[in-house]
Amino acid sequence: MTVRREFCLRVEILRDPDAVADRAVEIIRETIALPAPVLGVATGHTPLPIYERLRELAATGLSFSHLRSFALDEYCGLGPEDAPSYHAFLQQELFGPVGLGPDQWHAPDGLAEPDAEAHRYETAIRDAGGIDLQILGIGRNGHIGFNEPGSAFDSLTRRVTLSEDTKKANKRDFPPGQPVPHEALTMGIGTILRARKLLMVITGETKISALSGAIMGPITPDIPATALRLHPDATILADEAAAVGLPRI
Ligand code: PGA
């Protein structure tokens, strides 16, 4: 029998996506203030206001020179030159503007042989001393990274098949005629749970059921985000629009 210890998940409901981003940046700055910080970053639309604020801070003097960073995931078959790749997204939205050099940040290589690359990436995270703070979004189906429903809580970085729901949601990031890849490389849920702190951001009415599923009801691989409740230092920042219907204390 597996015995799981459930921890108290912190949930902060904030006014809107700007307030969520402001609070997220406060938490991220605590990590950036560490002597040798390792920040795990997510792609997707929800963290964009956070990255905008980090760019502004870099422009006004905050140094990222000692930061190392790891991306959560990448599509199989896409390289840094492909606009919808997560390499390209992160280079454009965050790493380039805050001045992170190629030796400071890592993302799974979508063009490499996936199984060997997954192993290499997991090892690189471990060799960096692990992740201090992992930023996370959530899919409408409760996925974290590209860990779709049914992913094991002890899963490590690996090749996964994307759900139809995820491909449909992500189609907006692809030019007409270019299909969303069927597969991706993602940190596993076990990889994510090893980070010393987790910070999930959830905004907008399309995430109402994802948020309530994450924080209420049973902890289950059917809703990967429920794994956050097994982490001793996890925070969810949600806006009012996503939190409609949640019980308030
Ligand atoms: P989104 O994606 O922030 O664009 O909604 C989140 C996710 O799919 O994890």
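## Ligand shell

The model is predicted. In this model, the residues around the ligand are Gly44, His45, Thr46, Gly137, Ile138, Gly139, His143, Arg172 and Lys207.

The shell divides into 1 nonpolar, 6 polar and 2 charged residues.

## Polar contacts

Which residues place a polar atom close enough to the ligand to count as a contact? The cut-off is a pair of N or O atoms within 3.5 Å. Threonine 46 has a side-chain N or O atom 2.5 Å from an oxygen atom of the ligand. For arginine 172, an N or O atom of the side chain is 2.6 Å from a ligand oxygen. Histidine 45 uses its backbone: a polar atom there is 2.8 Å from an oxygen of the ligand.

The protein covers 84% of the ligand's accessible area, which is 280 Å² for the ligand on its own. Where does the ligand sit? Its site is the largest pocket.

## The sheet

Strands of a sheet pair through backbone hydrogen bonds, either parallel or antiparallel. Here, 7 strands form an open sheet, and the pairing is parallel. The order is β1-β10-β9-β6-β2-β3-β5. Strands β1 (10–14) and β5 (105–106) are the edges. Each of these edge strands pairs on one side only.

How many bridges join β2 and β3? Strand β2 covers residues 38–41, and strand β3 covers residues 68–71. The two pair in the parallel sense over 4 bridges. Within this pair, glycine 40 stands opposite phenylalanine 70 in β3.

Technical notes. Residues numbered from 1 in each chain as written. Predicted model: local features only at pLDDT ≥ 70, side-chain atom pairs only at ≥ 80, totals over all residues. Heavy atoms only, no water. Near = heavy atom within 4 Å. Polar contact = N/O pair within 3.5 Å; in protein donor to acceptor, adjacent residues only side chain to side chain. Areas by Shrake-Rupley, 256 points an atom, 1.4 Å probe, with all protein chains shown as cover. 1 Å grid on protein atoms, 1.4 Å probe; cavity = no way out; pocket = protein on both sides within 12 Å on 5 of 7 lines; lining within 4 Å. Sits in = over half its atoms within 2 Å of the grid points. Nonpolar A, V, L, I, M, F, W, Y, C, P; charged D, E, K, R; others polar. Pairing = 2+ DSSP bridges.
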